[in-house]
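The following paragraphs lead the reader through one protein model. Please keep the sequence and the coordinates at hand while reading.

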Amino acid sequence: MSDLVYGHDKEVSDWVAERLTFVPNIDFGPHTSIGVVTETKLIAGVVYHDYHKNFRTIQISMAADSPMWATKRNIKSLLEYPFLNLKVYKVWIGVPADNKRALDNNFHIGFKQEAVLAHYFGPKKHCVMARMLLPDFKRLYGVENGKEFRA
C-alpha cells in the first residue's frame with residue numbers, strides 16, 4: 001500500500017531531478033510536487049511545472065524507483081491536481097524516445113503521443129511529447145467511468 005505526500009515540493013522535485021539523468025541540472029522553475037511513499041520510503045514523484053493558466057496547460061515530470069506506485073487510485077489522485085485543482089485542459093510530458101519503459105507506462109495510464117521533437121535532449125536524443133486532455137482524464141478516471149470526482 002502506498003500513500004501520497006504533499007507539501008514537500010523541494011524534496012520530491014530534487015528526488016525526481018536526480019532520476020531524470022537525461023536532463024542534467026534540471027530547473028523546474030515554479031512548481032508543485034507530490035510524492036508516493038510506502039511506509040517512509042519515497043518510491044515515485046511527480047513534478048507539476050510549466051503551468052500556463054491562460055492556455056490551461058501544464059507539464060509534468062515523473063520518476064519512480066518501483067512500479068508499485070502505479071495503482072489506478074494513485075494515478076487518478078496525481079492527475080486530479082492539475083485537472084481538478086488547476087482546471088487545466090491539457091497535461092503533457094516529454095520522454096526520451098529511447099526510454100521504452102517510460103513511454104509504455106505513460107501510454108498505459110492514458111497519455112497519447114502528440115509529437116516527436118528531434119534532438120530535444122541534445123544531438124540524436126529525441127523527445128516524445130505525449131498528452132492527456134481533460135475529456136481523456138474524465139473518461140479514464142472520472143464520472144464517465146461511473147465514479148465521482150473527489151473534491
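**A lysine in the sheet, and the fold around it**

K90 is buried, with a relative accessible area of 18%; the term buried denotes under 20% relative accessible area, exposed denotes over 50%, and partly exposed lies in between (1.4 Å probe, protein chains only). The model is a predicted one, in which local features need pLDDT of at least 70 and side-chain atom pairs count only at pLDDT 80 or more, whereas totals for chains, interfaces and linings use all residues. Residues are numbered from 1 along each chain as its sequence is written, and side-chain values use heavy atoms, with hydrogens and water left out.

K90 belongs to strand β5; strands (E, at least two residues) and helices (H or I, at least four) are DSSP runs numbered from the N terminus. The side chain of K90 is joined to that of E114 by a polar contact of 2.6 Å. A polar contact is a pair of N or O atoms within 3.5 Å; within protein, one must be able to donate a hydrogen and the other to accept it, and residues adjacent in sequence count only if both atoms are side-chain atoms. Not counting residues up to four places away in sequence, K90 touches R56, T57, I58, F83, E114, M129, R131, M132 and L133, where contact means heavy atoms within 4.5 Å.

Seven strands form an open sheet with mixed pairing, in the order β1-β2-β3-β4-β5-β7-β6; two strands pair if DSSP finds at least two bridges between them. At the edges stand β1 (3-5) and β6, each of which pairs on one side only. Direction ignored, neighbouring strands of this sheet are turned by 30° against each other on average. Axes here are lines fitted to C-alpha atoms, for helices over the stretch in contact, and angles run from 0 to 180 degrees between N-to-C directions.

Several pairings can be followed individually. Strands β2 (residues 31-38) and β3 (residues 41-52) are antiparallel and share eight bridges; G35 has G45 in β3 as its bridge partner. Seven bridges link β5 and β7, again in the antiparallel sense, and V95 is placed opposite V128 in β7. Between β6 and β7 the pairing is likewise antiparallel, over five bridges, with A130 in β7 as the bridge partner of Q113. Strand β7 is mostly covered, since six of its seven residues are buried.

Helix α3 packs on the sheet, where it touches β4 (57-64), β5 (90-96), β6 and β7, and its direction makes about 160° with that of β5. N106 is a residue of this helix (residues 100-108). Is N106 buried or exposed? At 6% relative accessibility, N106 counts as buried. Its side chain reaches the backbone oxygen of A102 at 2.9 Å. Neighbours within four places in sequence aside, N106 is in contact with M62, I93, V95 and F111.

Helix α4 lies across β6 and β7, running at about 70° to β7. In α4 (residues 134-141), the buried residues are L134, D136, F137 and Y141. These residues lie on the same side of α4, because they cover an arc of only 160° around the axis; the arc is that of the directions from the helix axis to the C-beta atoms. Their cover includes α2 (72-85), β6 (112-117) and β7 (127-133).

Helix α1 (residues 9-19) has V12, S13, W15 and V16 as its buried residues. An arc of only 155° around the axis holds them, so they are on the same side of α1. They pack against β2, β3 and β4, while the face turned away from the buried side carries the exposed residues K10 and E18.

The interior remains to be described. A nonpolar core is a set of buried Ala, Val, Leu, Ile, Met, Phe, Trp, Tyr and Cys residues joined through side-chain atoms within 4.5 Å. The largest such core has 29 residues, of which Y48, L78, L79, F83, F111 and F137 touch the most other members. Two or more residues each are given to this core by β2, β3, β4, α2, β5, β7 and α4, and its largest share, six residues, comes from α2. A second, separate core of nine residues includes V16, V37, L42 and A63.
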